[in-house]
Amino acid sequence: MLQFLLGLSDRQAAEAVRCRIDFQYAMAMELDDPGFHHSVLGDFRDRLAEDGRADRLLDLALARLKEAAWCARAPRSAPTPRTSWPRCVA
(Lines give C-alpha, C1' and ligand atoms only; values in the text may rest on other atoms or scores of the structure.)
Protein backbone atom coordinates (compact mmCIF):
# COMPACT_ATOMS: atom_id res chain seq x y z
CA MET A 1 0.00 0.00 0.00
CA LEU A 2 2.76 2.43 0.88
CA GLN A 3 4.52 1.70 -2.40
CA PHE A 4 1.33 2.45 -4.33
CA LEU A 5 0.40 5.54 -2.32
CA LEU A 6 3.87 7.06 -2.70
CA GLY A 7 4.31 6.00 -6.32
CA LEU A 8 7.52 4.07 -5.65
CA SER A 9 9.16 1.55 -7.96
CA ASP A 10 9.92 -1.90 -6.54
CA ARG A 11 13.56 -0.90 -6.02
CA GLN A 12 12.57 2.32 -4.27
CA ALA A 13 10.08 0.49 -2.03
CA ALA A 14 12.64 -2.15 -1.05
CA GLU A 15 15.13 0.61 -0.23
CA ALA A 16 12.50 2.44 1.83
CA VAL A 17 11.91 -0.74 3.86
CA ARG A 18 15.63 -0.85 4.64
CA CYS A 19 15.96 2.86 5.49
CA ARG A 20 12.68 4.35 6.67
CA ILE A 21 11.32 3.84 10.14
CA ASP A 22 7.73 4.45 9.02
CA PHE A 23 7.91 1.60 6.51
CA GLN A 24 9.50 -0.70 9.08
CA TYR A 25 6.83 0.19 11.64
CA ALA A 26 4.00 -0.39 9.15
CA MET A 27 5.44 -3.83 8.36
CA ALA A 28 6.11 -4.69 12.03
CA MET A 29 9.82 -5.11 11.31
CA GLU A 30 12.73 -4.63 13.69
CA LEU A 31 14.87 -1.56 13.04
CA ASP A 32 17.89 -3.73 12.25
CA ASP A 33 15.99 -5.97 9.80
CA PRO A 34 17.97 -6.13 6.53
CA GLY A 35 14.82 -5.92 4.38
CA PHE A 36 14.33 -7.89 1.18
CA HIS A 37 15.28 -7.94 -2.49
CA HIS A 38 13.03 -5.80 -4.70
CA SER A 39 12.05 -8.82 -6.83
CA VAL A 40 10.03 -10.15 -3.89
CA LEU A 41 7.41 -7.48 -4.54
CA GLY A 42 6.82 -8.67 -8.10
CA ASP A 43 6.60 -12.28 -6.92
CA PHE A 44 4.08 -11.23 -4.27
CA ARG A 45 1.91 -9.42 -6.85
CA ASP A 46 2.01 -12.48 -9.11
CA ARG A 47 0.85 -14.76 -6.28
CA LEU A 48 -1.84 -12.28 -5.27
CA ALA A 49 -3.20 -12.22 -8.83
CA GLU A 50 -3.74 -16.00 -8.89
CA ASP A 51 -7.24 -17.44 -8.43
CA GLY A 52 -8.91 -14.17 -7.41
CA ARG A 53 -6.81 -13.82 -4.24
CA ALA A 54 -6.69 -10.03 -4.58
CA ASP A 55 -10.49 -9.84 -4.60
CA ARG A 56 -10.74 -12.09 -1.55
CA LEU A 57 -8.13 -10.01 0.27
CA LEU A 58 -9.96 -6.79 -0.55
CA ASP A 59 -13.28 -8.29 0.61
CA LEU A 60 -11.66 -9.39 3.88
CA ALA A 61 -10.09 -5.96 4.42
CA LEU A 62 -13.40 -4.19 3.77
CA ALA A 63 -15.22 -6.54 6.15
CA ARG A 64 -12.65 -5.86 8.89
CA LEU A 65 -12.90 -2.10 8.34
CA LYS A 66 -16.69 -2.30 8.60
CA GLU A 67 -16.41 -4.36 11.81
CA ALA A 68 -14.09 -1.72 13.24
CA ALA A 69 -16.65 0.95 12.29
CA TRP A 70 -14.25 2.70 9.88
CA CYS A 71 -17.02 2.72 7.33
CA ALA A 72 -19.86 3.55 9.65
CA ARG A 73 -21.98 6.62 9.05
CA ALA A 74 -20.48 9.78 10.47
CA PRO A 75 -21.92 10.80 13.84
CA ARG A 76 -23.63 14.18 13.88
CA SER A 77 -20.85 15.59 16.04
CA ALA A 78 -18.07 14.46 13.71
CA PRO A 79 -15.27 17.04 13.64
CA THR A 80 -14.47 16.39 9.97
CA PRO A 81 -16.77 16.45 6.96
CA ARG A 82 -18.21 13.14 5.77
CA THR A 83 -16.26 13.38 2.51
CA SER A 84 -12.97 12.94 4.38
CA TRP A 85 -14.01 9.56 5.86
CA PRO A 86 -12.88 6.30 4.22
CA ARG A 87 -15.25 5.15 1.51
CA CYS A 88 -16.38 1.54 1.52
CA VAL A 89 -18.20 -0.65 -0.93
CA ALA A 90 -21.64 -1.62 0.31
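Reader: How many salt bridges does the structure hold?
Author: The model is predicted, and side-chain atom pairs count only at pLDDT 80 or more. A salt bridge needs a side-chain nitrogen of Lys or Arg within 4 Å of a carboxyl oxygen of Asp or Glu. The total for the structure is four.

Reader: Which residue forms a salt bridge with Arg45?
Author: The closest N and O atoms of this pair are 2.6 Å apart. The pair links distant parts of the chain, 35 residues apart. Arg45 sits in helix α4 (residues 39-49), and its partner is in helix α2 (residues 10-19). That partner is Asp10.

Reader: Is Arg45 buried, partly exposed or exposed?
Author: Buried means under 20% relative accessible area, and exposed means over 50%. Arg45 has a relative accessible area of 40%. Arg45 is therefore partly exposed.

Reader: What separates Arg18 and Glu15 along helix α2?
Author: Arg18 forms a salt bridge with Glu15, with the closest N and O atoms 3.1 Å apart. Both are partly exposed: Arg18 at 35%, Glu15 at 38%. The two residues are three apart in helix α2, so the separation is about one helical turn.

Reader: How far apart are the closest N and O atoms of Arg53 and Glu50?
Author: Arg53 is partly exposed, at 34% relative accessible area. Glu50 is partly exposed too, at 37%. The two form a salt bridge, and the closest N and O atoms are apart by 3.6 Å.

Reader: Is Leu5 buried or exposed?
Author: Leu5 lies in helix α1 (residues 2-6). The cut-off for exposed is over 50%. At a relative accessible area of 62%, Leu5 is therefore exposed.

Reader: Which elements give two or more residues to the lining of the largest pocket?
Author: The space in this pocket is about 830 Å³. Its lining has 18 residues, with Met1, Leu2, Gln3, Phe44 and Leu48 nearest the centre. The elements that give two or more residues are α1, α2, α3 (21-26), α4 and α5 (53-67).

Reader: How many nonpolar residues are in the lining of the largest pocket?
Author: The lining of the largest pocket includes one polar residue and one charged residue. Leu and Phe count as nonpolar, and Phe44 and Leu48 are among the residues nearest the centre. The nonpolar count for the lining is 16.

How values were computed
Residues numbered from 1 in each chain as written. Predicted model: local features only at pLDDT ≥ 70, side-chain atom pairs only at ≥ 80, totals over all residues. Heavy atoms only, no water. Helix = DSSP H or I, 4+ residues; strand = E, 2+ residues; numbered from the N terminus. Buried < 20%, exposed > 50% of the residue type's maximum accessible area, 1.4 Å probe, protein only. 1 Å grid on protein atoms, 1.4 Å probe; cavity = no way out; pocket = protein on both sides within 12 Å on 5 of 7 lines; lining within 4 Å. Points joined across faces, edges and corners; volume = space filled by probe spheres on them.
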